[in-house]
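Thanks for coming. I will keep this short and stay with what is on the screen.

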Amino acid sequence: MAEALDHTPAHPIAPETAHAATHGFLTRYVWSQDHKVIAVQYSCIAIFTGLVGLVLSDLMRLQLGFPGVFEFINAERYYQLVTMHGMIMVIYLLTALFLGGFGNYLIPLMVGARDMAFPYLNMLSVWVFLVAVIVLMASFFVPGGPTGAGWTLYPPQVILPGTPGHDWGIVLMLVSLAIFIIATTMGGLNYVTTVLQLRCEGMTLMRMPLSVWGIFTATILALLAFPALFVSAVMLMLDKLLGSSFFMPALVSMGQARAYQGGSPLLFQHLFWFFGHPEVYIIALPAFGVVSDLISVHARKAIFGYRMMVWAILAIGVLSFVVWAHHMFISGMNLAFGFFFATTTLIIAIPTAIKVYNWLLTLWRGDIHLSVPMLFALAFISTFIIGGLTGLFLGNVSVDIPLSGTYFVVAHFHMVMAVAPILVVFGGIYHWYPKVTGRMLNDTLGQLHFWITFLGTYLIYFPMHYLGMLGMPRRYYAYAGYEFIPPSAQALNAFITVVALIVGVAQLLFVVNLVWSLFRGAPAGPNPWRAASLEWQTPQTPPVHLNWGERLPVVHRWAYAYSVPGAAQDYIAQNAPPQAGGDEPEQGTLRQERGS
Amino acid sequence: MAVVWTLIAMVVGSLAFHLLSPWWLAPIASNWGRIDAMLALTLLITGVFFVVLNLGLAATIWRFRHRDGHRAAYRPDNRRLERWLIVGTALGIAALLAPGLVVYADYVVAPHDALVMEVLGQQWKWSYRFPGADGRFGLVDARFVSPTNPYGIDQKDASGTDDLLVPGDEVHLPLNRPVKVLLRSNDVLHDFDVPPFRARMNIVPGTVTSFWFTPTQTGRYEVLCAQLCGVGHYNMRGFVVVEDAPVFERWLAARSTFAATLSAAVASVDPLVASGQALAQGKGCIACHTIDGRSGVGPTWKGLLGQTARFTDGSSALLDASAARQHIRDPRARTLQGYPSVMPKVELSDAELDALVAYIAAQK
């Protein structure tokens with residue numbers, strides 16, 4: 001039966017996959033092995049967790065804007081809010097959503113596969129991810145509450161009295177991270193294998209949409225970087241529970257001599273950032289890829305410099321493993337390292353700048369439709385420009401010295417790896433929701449959501465750079481009594497808090513839109529954006545299990561055949577017959593050469 | 001087209017904000033003017049990119065907005081343009097990196113004639129040490145830390161006996177002389193940060209880190225901690241006073257040596273109060289409780305006993321010695337109004353508790 005479904009002998013449908021197509025609510029929507037259902041499950045869990053993270057950030061802003069007014073936010077709780085907000089947003093929202101959500105949905109559809117290579121493992125991945133989230137959330141309810149050591153979890157303080165959650169909270173955090181890494185590894189092996197092995201006929205690597213390139217490269221980074229976090233979590237756990245001294249030197253805590261001896265706190269920082277810096281790109285690369293596709297589709301124009309875009313993604317991926325210690329310029333590591341890591345860090349700006357130029361050059365002479373996904377993509381470019389440029393301050397070691405640990409850093413990384421990627425997440429969801437559900441998201445709600453989010457986040461983070469210049473340190477519960485901080489800084493903090501609350505509440509518009517449009521949204525049709533890439537060419541919308549009906553698609557061109565001269569319409573689908581034209585540039589040159 | 005106007009408004013607004021903002025670097029008070037110069041150079045170059053790219057984006061959206069009948073051009077590639085962009089960007093990056101590394105090369109190596117000062121970061125206070133007459137610090141180790149020896153100086157090492165200790169939160173430095181700062185901690189990570197000096201470094205237990213600077217302006221500067229060190233992190237304050245060399249020398253000469261503090265700790269007026277003081281320091285109480293009337297994470301001890309105070313549960317009671325004993329034994333049972341319920345339970349023998357309470361009671 002499997003072979004009857006599939007006429008491409010290289011890709012027979014595995015019997016167990018076909019089996020999962022059986023009907024019934026539980027197998028279809030809960031214990032599903034369909035990558036599309038798993039993608040939605042991943043996304044829903046991640047978005048729910050992200051909303052928790054959002055509430056935490058607004059609570060934190062309440063204390064910063066109006067210190068002492070909200071008595072339930074004491075110093076201990078404040079540090080717990082900071083820590084949990086950071087970890088949730090970086091790991092459980094953005095990483096999970098880009099890889100587990102976007103990766104799961106888009107990879108098989110975009111490369112013309114029926115499903116992921118290992119559907120059962122894929123299903124396991126999402127349920128293990130759910131366990132990680134539950135363990136994480138449980139830390140809110142244990143004695144002492146969640147850990148408040150900052151999301152970087154630096155020892156020694158993370159497991160010593162004086163830091164909130166040093167008993168139970170940190171253990172649950174480490175367990176949750178370890179479980180999360182297991183889930184990510186199961187998912188990641190799947191994504192890589194699928195991209196390498198299950199592409200349909202004609203889908204060469206250099207014909208893949210940049211979304212797939214971004215997610216694929218980010219997944220490889222995840223598979224290489226997360227083990228560093230995994231081992232540091234295990235070692236820290238041993239230090240905490242068994243009294244080993246991987247990261248713990250001889251020390252005195254609260255007047256009590258502790259039995260630790262000879263460990264190195266800096267070792268943890270190296271391990272953490274060996275994971276932590278690639279992690280930035282695990283989030284950024286999928287965002288780069290997705291936004292490239294949004295811009296190309298909604299500007300009706302071929303992505304500019306596709307090959308260079310692919311090479312830039314790969315170059316950034318490789319370089320991201322040799323820049324980690326720019327997070328540690330003044331950590332107390334050997335100062336000579338600063339020369340090396342400042343150099344590598346500034347070099348990574350070159351492929352990153354190329355991406356920005358190419359996005360702008362894609363828009364240039366385009367036919368720019370200001371749809372909601374496009375608005376988010378344009379806002380991403382602007383936000384990413386600021387976040388990228390401020391990276392040149394912090395990456396250049398001598399400039400980093402006075403700015404490190406201040407609000408400049410907070411402003412920089414929120415711009416570049418929080419706001420910018422989340423704008424892409426929104427843009428991507430507005431873009432692909434019609435394919436996922438068959439209905440359009442409401443445009444008015446979308447516009448409102450966009451404007452409040454874009455303007456709001458700019459008003460929050462742009463002035464914050466200046467607080468950092470002033471020298472305001474981050475991770476402070478209160479600033480009262482510091483003479484070098486003028487009262488006007490407090491007024492600015494109050495302003496930022498008010499905007500943050502508005503932006504926070506505005507995200508409800510998005511949630512409402514997601515739910516409302518599921519039932520009442522305008523029917524989308526198979527390809528509302530007139531996009532060329534393969535996921536829009538499925539025989540059904542939403543695509544059914546195994547995606548392609550009886551025959552796998554056959555691809556004849558790249559994903560960016562927009563506004564090809566002489567073509568009847570302004571896009572040519574990747575699987576349109578070869579005579580429709582629209583070859584990728586290199587392929588076109590080759591054919592001409594062969595013909596002459 | 002709102003997005004075009006928004007982008008233009010963002011650029012204009014950001015430039016105006018930059019020019020009008022009252023929030024800017026604290027006036028510099030050290031030799032590291034070149035760090036500020038690097039910052040200004042970076043700001044200039046990135047500022048140009050910020051304006052050009054954002055306005056370019058706005059102009060592109062305006063010019064190539066969708067209109068009926070318009071069709072996008074087909075131009076998927078331009079190798080020469082890409083090469084030029086790569087070369088141009090690389091040059092811009094090099095123009096930032098090269099001078100930055102030159103400045104950093106100076107930061108890495110402290111001058112030989114620098115005055116050496118040790119900073120001891122502790123949850124959540126600062127103390128300092130100078131090497132004394134012999135110019136050498138006594139050896140230290142966390143296992144030597146005790147109420148009478150909070151620095152953890154090795155009493156068997158002769159070079160430590162003349163070390164000058166500055167246990168308060170204020171240290172003095174001479175004007176225009178390079179200072180090499182050695183940084184040490186016996187508990188957790190800290191960061192010795194004086195914003196007007198620009199230079200700084202994390203403090204890592206188990207190792208000694210360092211940086212150097214030359215104070216170039218007299219004045220009294222705030223010290224803060226810039227590496228999260230626990231619940232009292234935001235309250236880890238101190239001061240550096242920069243003064244002319246002769247004044248500094250007089251101040252330094254008046255500091256007690258390690259040997260003197262040891263014997264003073266033994267021969268204090270009231271031995272009970274003295275050992276209470278040592279306990280307050282050794283057990284970390286002073287991180288949250290001051291004795292000078294300032295409010296910390298917890299209430300100041302100055303005049304605390306004898307007051308009638310309200311608790312978070314609404315009750316109120318006279319704070320006397322027995323109430324203090326009760327509270328130290330079971331800190332979370334009730335909490336004073338206006339303070340977080342964060343006091344850790346500290347292991348104390350009955351005798352130690354007597355001493356500690358005597359010390360608290362002595363703060364009138």
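Chain A has a mean pLDDT of 93, with 94% of its residues at 70 or more. Where pLDDT is low, the predicted coordinates should not be read in detail. Please keep that in mind if you look at those contacts.

Now the contact between the chains. On the chain A side 101 residues take part, and they touch 90 residues of chain B. Which element of chain A gives the most to that side? The answer is helix 13, residues 372–395 of chain A, which contributes nine residues.

Helix 13 packs with helix 15 of chain A, residues 407–437, at an angle of about 160°, and the axes are 8 Å apart. With the cut-off for roughly antiparallel set at over 145 degrees, that angle makes helix 13 of chain A roughly antiparallel to helix 15 of chain A. The crossing of helix 13 and helix 15 of chain A is left-handed. In their contact, 18 residues are nonpolar and eight are polar, with no charged residues.

The second pair is helix 5, residues 75–111, and helix 9, residues 265–298, both of chain A. Here the angle is about 45° and the axes lie 10 Å apart, so helix 5 of chain A and helix 9 of chain A are oblique to each other. Helix 5 of chain A passes helix 9 of chain A in a left-handed crossing. On helix 5 the residues that meet helix 9 include A:Val90, A:Leu94 and A:Phe98. On helix 9 they include A:Glu279, A:Ile282 and A:Pro286. By class, this contact has eight nonpolar residues, one polar and one charged.

On to chain B and its sheet. Five strands form an open sheet in the order 4-10-9-6-7, with mixed pairing. Which strands are at the edges? They are strand 4 (170–174) and strand 7 (201–203) of chain B, each pairing on one side only. On average, neighbouring strands of this sheet are turned by 30° against each other, direction ignored. Within the sheet, strand 6 (residues 190–193) and strand 9 (residues 219–225) of chain B run antiparallel and are joined by two bridges. B:Asp193 stands opposite B:Leu224 of strand 9. Helix 4 of chain B, residues 245–253, packs on the sheet, where it touches strand 4 and strand 10 (238–243) of chain B. The direction of helix 4 makes about 140° with that of strand 4 of chain B.

Last, the backbone details. A:Thr541 and A:Pro542 are joined by a cis peptide bond, with omega about -10°. A:Pro542 is in the loop between helix 17 (487–520) and helix 18 (585–595) of chain A. In chain B, the peptide bond from B:Gln123 to B:Trp124 is cis as well, with omega near 0°. B:Trp124 sits in the loop between strand 1 (115–122) and strand 2 (125–130) of chain B. Finally, A:Leu153 is not a glycine, yet its phi is positive, about 55°.

Technical notes:
Residues numbered from 1 in each chain as written. Chains lettered and ligands numbered in written order. Predicted model: local features only at pLDDT ≥ 70, side-chain atom pairs only at ≥ 80, totals over all residues. Contact = placed C-beta atoms within 7 Å. Helix = DSSP H or I, 4+ residues; strand = E, 2+ residues; numbered from the N terminus. Pairing = 2+ DSSP bridges. Axes fitted to C-alpha atoms, helices over the stretch in contact; angles between N-to-C directions. Parallel < 35°, antiparallel > 145°, perpendicular 65-115°, else oblique. Left-handed = near helix turned anticlockwise from the far one by under 90°. Nonpolar A, V, L, I, M, F, W, Y, C, P; charged D, E, K, R; others polar. pLDDT = per-residue confidence, 0-100.
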